[in-house]
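Colleague: I am new to this structure and would like a short tour. Could we begin with the ligand?

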Amino acid sequence: MAVETPRYHHKEPFMGLDYFLGFMNAFKGGFLLQFSHELFEKLGNTYIVKSFGKKVFKTRDQEVSKAVHATYFENFGLQGLRYDTAVHLWGNGIIVVDGPHWKHGRALIKSSFDVVHLANMERLRKHTSTFLALLPEDGLTVDLAPLFKRLILDTSSEFIFGEAMGALKDSKQFTDFMNAFEYAQRGTGIRSVLGRLKFLHRDEKWWSACQQVTDYADRYVNTALKRLKEERTQGKTSQLKERLRLVDEMARDTQDRVTLRSHIISVFSPAHDGAATALTNVIFHLARHPDVWWKLKAEIESTKEEILTYELLNSYQYLEWVLKETHRLTTIATTNQRLCVKSTVVPFGGGQDGRSPMYIQKGDIVEIHYRAMGRDKTFWGDDADLFRPERWESARPGWQYTPFGGGPRSCPGMRLVFTESAYVLVMLLRKYKEIVNRDPELEWKEEFCLTVQSKNGCVVALVA
Ligand code: HEM
């Protein structure tokens, strides 16, 4: 028997506009994470709010997350939440569709990913060395965040399109495209917050930014299809490992231009800055925890002359703990939503203590708070809000730790993010003796776009 779940006490219970105003106030004021934390503390691990008349279950309960992401996977989708607001940018790409089209896109990405990813070390080496050359000499203050962004833009554009955007060289191609891309993403984010009121978003510049992005991707799709045709008709193969491109690998499987373009933009969106945001967070923490920096240096010391291979990166255990701790404490994808497409009773979430079954009706939304789960003191202990990589020596989380989602739709880019972050971090550890915090603000401050990043970047001095 499902039991009633705690509710947010609305002053305006029909549309829930009071909640929306509170949310927007926190969003603008830069305290959305705190706003969300306080409501969980007050109402429990799962509670219900009204959002533009829709019933939304907000949860930081790992059992509810598991039920929605995995056990009852087929009953919870995202197409109804994302497709209409994002079709102009992401088309019918993997991140906005459900059902057979998603399944096909997922299989396509997964197999193409594995092959391109393993061939990617050489590119990472090349771009990281350009990046290192841009860093200021001994002791000067630098915000590494924008530099990480440019580095990851180059590695990801080369990984996906086969050609780096020239971000580290500040090329015009990079500036023009990124201005349009960021504008297109921001507008899409606004439309998604507006939901059913998205018709209020009337911005000509947004339409043309979306067009510019799709035109850009089309150029690469067309060349990939041309290459594929040549390969098939003339038996030509571009098998040089470093030439592998995601767009080519995907084109082997589907030659539908719109599908290819949509999936390519869907991968580019998280790929273009994901690892950069993670790297910024790692350096943010390391600059405030010199003991951890020294332990990392000690770990890599005996291998510091060796070529940095995928296997070597994977052999550094403390480094892995540092990266995991960074994603736990400063989770980048803080929440994720699913739309219930078939009424379901999930085993937990109901009742004041959240331990009774909970009824979710078709049309309701479930919002899962990954970041809040990563800080749950009942699992992580009283020091859950502290950066302490050593906890990973004994921590064995299941659904309490899902910074990359979980179940069949979990992030296919997770290994790539780990490899890129680990590679760049080890190169910094090899080159510099010390990293010194130069930001007077010691606390991590939030800045939301589609994900959340460090508002103050990571302002440091690197000492050789
Ligand atoms: C730190 C960086 C990243 C984080 C925190 C992250 C996190 C996530 C999360 C939480 C999801 C949603 C999972 C779900 O809905 O269950 C996701 C999906 C996805 N991510 Fe990532 N991601 C990152 C980087 C990347 C990169 C670098 C790529 C590509 C190279 C990528 C490609 C994707 C794709 C294609 C999906 C959609 C999967 C699907 O719907 O089946 N992500 N990611």
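Modeller: Please note that this is a predicted model. In it, an oxygen atom of the ligand lies 2.6 Å from an N or O atom in the side chain of Asn-336.

Colleague: And how far is a ligand oxygen from an N or O atom in the side chain of Trp-102?

Modeller: That distance is 2.8 Å for Trp-102. For the side chain of Arg-106, an N or O atom is likewise 2.8 Å from an oxygen atom of the ligand.

Colleague: Which residues come nearest to the ligand?

Modeller: There are 26 residues around the ligand, and those that come nearest are Trp-102, Arg-106, Asn-336, Arg-409 and Cys-411.

Colleague: How does the shell divide into nonpolar, polar and charged residues?

Modeller: The shell has 16 nonpolar residues, 7 polar and 3 charged.

Colleague: Which elements each supply at least two of the shell residues?

Modeller: Helices α5 (99-118), α11 (257-271) and α18 (414-431) do, as does strand β5 (335-340).

Colleague: Now the sheet. What is the strand order in the open sheet of 3 strands?

Modeller: The order is β4-β12-β9, and the pairing is antiparallel. Strands β4 (141-143) and β9 (434-437) each have a single partner strand, so one side of each lacks a neighbour in the sheet. From one strand to the next, the twist averages 40°.

Colleague: How many bridges join β9 and β12?

Modeller: They pair over 4 bridges, with β12 covering residues 459-463. Asn-437 stands opposite Val-460 in β12.

Colleague: Which helix lies across β9 and β12?

Modeller: That is α12 (residues 274-288), which runs at about 90° to β9.

Technical notes: Residues are numbered from 1 along each chain as its sequence is written. This is a predicted model: local features need pLDDT of at least 70, side-chain atom pairs count only at pLDDT 80 or more; totals for chains, interfaces and linings use all residues. Side-chain values use heavy atoms; hydrogens and water are left out. Two strands pair if DSSP finds at least two bridges between them. Axes are lines fitted to C-alpha atoms, for helices over the stretch in contact, and angles run from 0 to 180 degrees between N-to-C directions. Contact means heavy atoms within 4.5 Å. A residue is near a molecule or strand if one of its heavy atoms lies within 4 Å of it. A polar contact is a pair of N or O atoms within 3.5 Å; within protein, one must be able to donate a hydrogen and the other to accept it, and residues adjacent in sequence count only if both atoms are side-chain atoms. Ala, Val, Leu, Ile, Met, Phe, Trp, Tyr, Cys and Pro count as nonpolar, Asp, Glu, Lys and Arg as charged, and the others, Gly among them, as polar.
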